[in-house]
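Here's a quick tour of the inside of a protein model. Have the sequence and the 3D view open as you read.

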Amino acid sequence: MLTATSKDGTKIAYDKAGRGPSLILVAGAFSYRKFPGQVQLAKLLSDQFTVYNYDRRGRGDSGDSSTYDTAREIEDLQAMIDEAGGSAYVWGLSSGAVLALQAAASGAKITKLALHEPPFVVDAAGHKPPSDFAKHVTELIAANRRADAIKYFMTQGMGAPSFVVGMMRLMPGVWSKLMAVAHTLPYDAALLNGYMDGKPLPADLWTAATMPIVILEGTESSTQLRHGAQALAGVLPNAQLRSKKGLGHTKKLNAPMIASELTAFF
């Protein structure tokens, strides 16, 4: 394990492996650098890239601050880019894709960017979270109701059926891992706040992100995820959409397929 120091002094833990151009992996909600799918993806990519697989703040071995601001997470990613030599390729998954996109639009030295199913809700099709989603997630965590926050985030935020949460509670080792990072769910909710209201994406919000961008979506994914990915491809200045069965992320990461797509793009 290595560490980088973010602008506010927070220590960000990461693993580094491989040779070649620098590639940073940015996980989504519930994920961290030791998440099995993340570990497998990093290992596969290390054949072609120098892979930086890090814990977002508050997760795993990374530190945290007393108050959260999305700007601090952008600074964390910038710290990782600095560790990688000042510029890097970046892959972001789900809320991690939103974080990576915001960093790119703010001027981070991302040379190429892969955005994997950012959970934007851009129309009335499919599931739409409640209007007070971010507020309620934050309240549940503030009340130390981690299990309730997990269920609420998955069902009301991600649109998962309630029985899926029940199954996860019975799977050995799964629920404890979710509980260990549940306190960071308000961070993901804050990143997504304003982008899950069923409204079209602003056409000029990320125009500064002019690097080559690929948006990955699974053809088996939900309507809301697919429409969000397609809408994002339409507003970014230099983006291509890659739709393929097996690229969906809500059940299990298909690390070999993702690695193949990223290797071809980067």
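Which residues does Ile24 touch, not counting those up to four places away in sequence? The list runs Tyr52, Tyr54, Leu77, Met80, Ile81, Ala84, Ala88, Tyr89, Val90 and Trp91, where a contact means heavy atoms within 4.5 Å.

A word on the ground rules. This is a predicted model, so local features need pLDDT of at least 70 and side-chain atom pairs count only at pLDDT 80 or more, while totals for chains, interfaces and linings use all residues. Residues are numbered from 1 along each chain as its sequence is written, and side-chain values use heavy atoms, leaving out hydrogens and water.

Back to Ile24: together with Tyr54, Ile110, Leu113, Leu115, Trp206 and Leu232, Ile24 has the most contacts inside the largest nonpolar core, a set of 44 residues. Such a core is made of buried Ala, Val, Leu, Ile, Met, Phe, Trp, Tyr and Cys residues joined through side-chain atoms within 4.5 Å; buried means under 20% relative accessible area, exposed over 50% and partly exposed in between, using a 1.4 Å probe on protein chains only. Helix α3 (residues 95-105) gives this core its largest share, 7 residues. Apart from it sits another core of 22 residues, including Ala29, Leu140, Ala160 and Val181. Helices (H or I, at least four residues) and strands (E, at least two) are DSSP runs, numbered from the N terminus.

Now look at helix α5 (residues 146-157), where the buried residues are Ala147, Ala149, Ile150, Tyr152, Phe153, Met154, Thr155 and Gly157. Here's what they pack against:

| Helix | Residues |
|---|---|
| α4 | 133-142 |
| α6 | 162-170 |
| α7 | 174-181 |
| α8 | 185-192 |
| α9 | 223-235 |

After α5 comes Gly159, with a positive phi near 80°.

His116 belongs to strand β6 (residues 110-116). Is His116 buried or exposed? Its relative accessible area is 0%, so His116 counts as buried. The His116 side chain makes a polar contact of 3.4 Å with that of Trp91. Beyond four places in sequence, His116 also touches residues including Ser94, Leu216 and His249.

A search of the whole structure turns up 1 cavity of 30 Å³ or more, and the largest cavity has a volume of about 80 Å³. Its lining includes Pro129, Phe133, Leu192 and Asp197, with α4 and α8 each supplying at least two residues.

Key. A polar contact is a pair of N or O atoms within 3.5 Å; within protein, one must be able to donate a hydrogen and the other to accept it, and residues adjacent in sequence count only if both atoms are side-chain atoms. On a 1 Å grid over the protein atoms alone, a cavity is a set of points where a 1.4 Å probe fits but cannot get out, and a pocket is an open set with protein on both sides within 12 Å along at least five of seven lines; lining residues have an atom within 4 Å of a point. Grid points are joined across faces, edges and corners, and a volume is the space filled by probe spheres set on the points.
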